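Here are a few notes to read alongside the model. Take them one at a time, and keep the 3D view open as you go.

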Protein chains: 2
Amino acid sequence: MEIHILRLSHRLPRDERISTHVALVARAFGAQKIIYSGQHDSGLEDSVSRICERWGGNFEIEYSSSYKQIISKYKKQAYSIVHLTMYGIPVQDAISKIQSEKKILLIIGSEAVPGDVYRLSDYNISVTNQPHSEVAALAITLDRIFEGKELEDTDFGGKIRIKPSAKGKEFV
Amino acid sequence: MEIHILRLSHRLPRDERISTHVALVARAFGAQKIIYSGQHDSGLEDSVSRICERWGGNFEIEYSSSYKQIISKYKKQAYSIVHLTMYGIPVQDAISKIQSEKKILLIIGSEAVPGDVYRLSDYNISVTNQPHSEVAALAITLDRIFEGKELEDTDFGGKIRIKPSAKGKEFV
């Protein structure tokens with residue numbers, strides 16, 4: 001399945017690390033690309049590119065000054081638009097429909113998401129209705145979409161590879 | 001099951017938001033308490049307490065200047081020590097053993113985890129062996145322990161409660 005992430009309203013310095021975590025979770029859990037809007041941040045792009053260079057895979061990061069243009073572009077390309085929000089319907093209730101889609105744009109908000117994002121989305125889904133973290137919400141959503149298989153596919157063919165170990169650190 | 005979280009080496013201002021997300025995921029996904037070491041941060045404690053006050057539940061946050069004392073104390077109280085690390089064995093391979101424990105101290109590191117944490121832990125487990133986020137790793141681990149039931153138990157009896165909605169924001 002093709003899954004691209006749209007991270008809204010990136011703010012400097014406030015979101016530096018959270019957006020990096022969002023991007024790395026997207027990559028590690030099987031998405032192909034992240035697009036972020038808000039403030040341009042070459043540090044974020046460099047961090048993600050450095051991880052890809054060392055740890056492998058073809059994950060991409062891209063900036064757009066207009067989330068509306070991105071949503072519109074993806075709609076034209078027949079992507080299903082899925083917005084993660086604590087106000088949405090439970091992910092577990094929507095997951096079978098979402099899994100039947102072939103191409104998904106997964107929108108991850110920040111604190112104040114514009115109303116049109118709710119309206120433009122095909123699905124507004126929540127990972128619990130308690131306040132927690134967009135990083136966790138993204139991880140759980142991708143985990144449900146891929147039914148845990150993303151935890152098995154951990155070899156991205158990178159220069160660095162870890163050998164799982166009961167005590168300590170080992171590399172392949 | 002009783003699950004307490006130990007967040008290591010909190011650094012200001014670098015970890016402010018990540019540690020807040022760790023704490024909120026712990027609360028939303030069914031843990032009872034978080035203890036953090038590193039730098040003391042009353043802002044972190046206030047954020048978490050404010051969430052509990054408005055959104056309900058009995059989640060606690062506590063500071064300790066010594067993670068070693070905390071681990072030692074929990075070991076004496078027969079808690080099983082589970083350390084989340086990208087170098088560990090896959091969570092899916094260890095989960096049935098972990099689920100058989102009654103009391104767990106779940107350790108969440110930061111960038112450089114001291115070697116003794118690996119040795120003192122009963123389980124060193126990983127959520128993929130790719131670099132991503134301790135927030136995501138915590139969410140997936142709690143989700144596996146509770147087998148997704150934490151996504152159903154979203155009413156903490158707080159002053160604020162959300163009514164899940166397909167389009168927009170609704171409160172109970």
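**Notes on the predicted model**

1. Let's begin in chain A: leaving out residues up to four places away in sequence, A:Thr85 touches A:Tyr118, A:Asn124, A:Ile125 and A:Ser126. Please keep in mind that this is a predicted model.

2. Where does A:Thr85 lie? You will find A:Thr85 in strand β4 of chain A. Is A:Thr85 buried or exposed? Its relative accessible area is 8%, and because buried means under 20%, A:Thr85 counts as buried. A polar atom of the A:Thr85 side chain also lies 3.0 Å from the backbone nitrogen of A:Tyr87.

3. Now turn to helix α2 of chain B, residues 42-55.

4. Which residues of α2(B) are buried? They are B:Leu44, B:Glu45, B:Val48, B:Ile51, B:Cys52 and B:Trp55.

5. At the start of α2(B), a side-chain oxygen of B:Asp41 comes to within 3.0 Å of the backbone nitrogen of B:Gly43. Just after α2(B), B:Gly56 has a positive phi of about 95°.

6. Next, the largest pocket, with a volume of about 1,300 Å³. Its lining has 45 residues, and those nearest its centre are A:Glu111, A:His132, A:Glu134, B:Arg17 and B:His21. Elements giving two or more residues to the lining include β6 (123-126) and α6 (134-146) of chain A, and α1 of chain B. Which element gives the most? That is α2(B), with seven residues.

7. Finally, visit B:Glu101, in the loop between α4 (91-99) and β5 (103-108) of chain B. B:Glu101 is partly exposed, at 25% relative accessible area. Setting aside neighbours within four places in sequence, B:Glu101 contacts B:Met1, B:Ser80 and B:Tyr123. With B:Tyr123 there is a polar contact between side chains, at 2.8 Å.

How values were computed: Residues numbered from 1 in each chain as written. Chains lettered and ligands numbered in written order. Predicted model: local features only at pLDDT ≥ 70, side-chain atom pairs only at ≥ 80, totals over all residues. Heavy atoms only, no water. Helix = DSSP H or I, 4+ residues; strand = E, 2+ residues; numbered from the N terminus. Expected span 1.5 Å × (residues − 1). Buried < 20%, exposed > 50% of the residue type's maximum accessible area, 1.4 Å probe, protein only. Polar contact = N/O pair within 3.5 Å; in protein donor to acceptor, adjacent residues only side chain to side chain. 1 Å grid on protein atoms, 1.4 Å probe; cavity = no way out; pocket = protein on both sides within 12 Å on 5 of 7 lines; lining within 4 Å. Points joined across faces, edges and corners; volume = space filled by probe spheres on them. Contact = heavy atoms within 4.5 Å.
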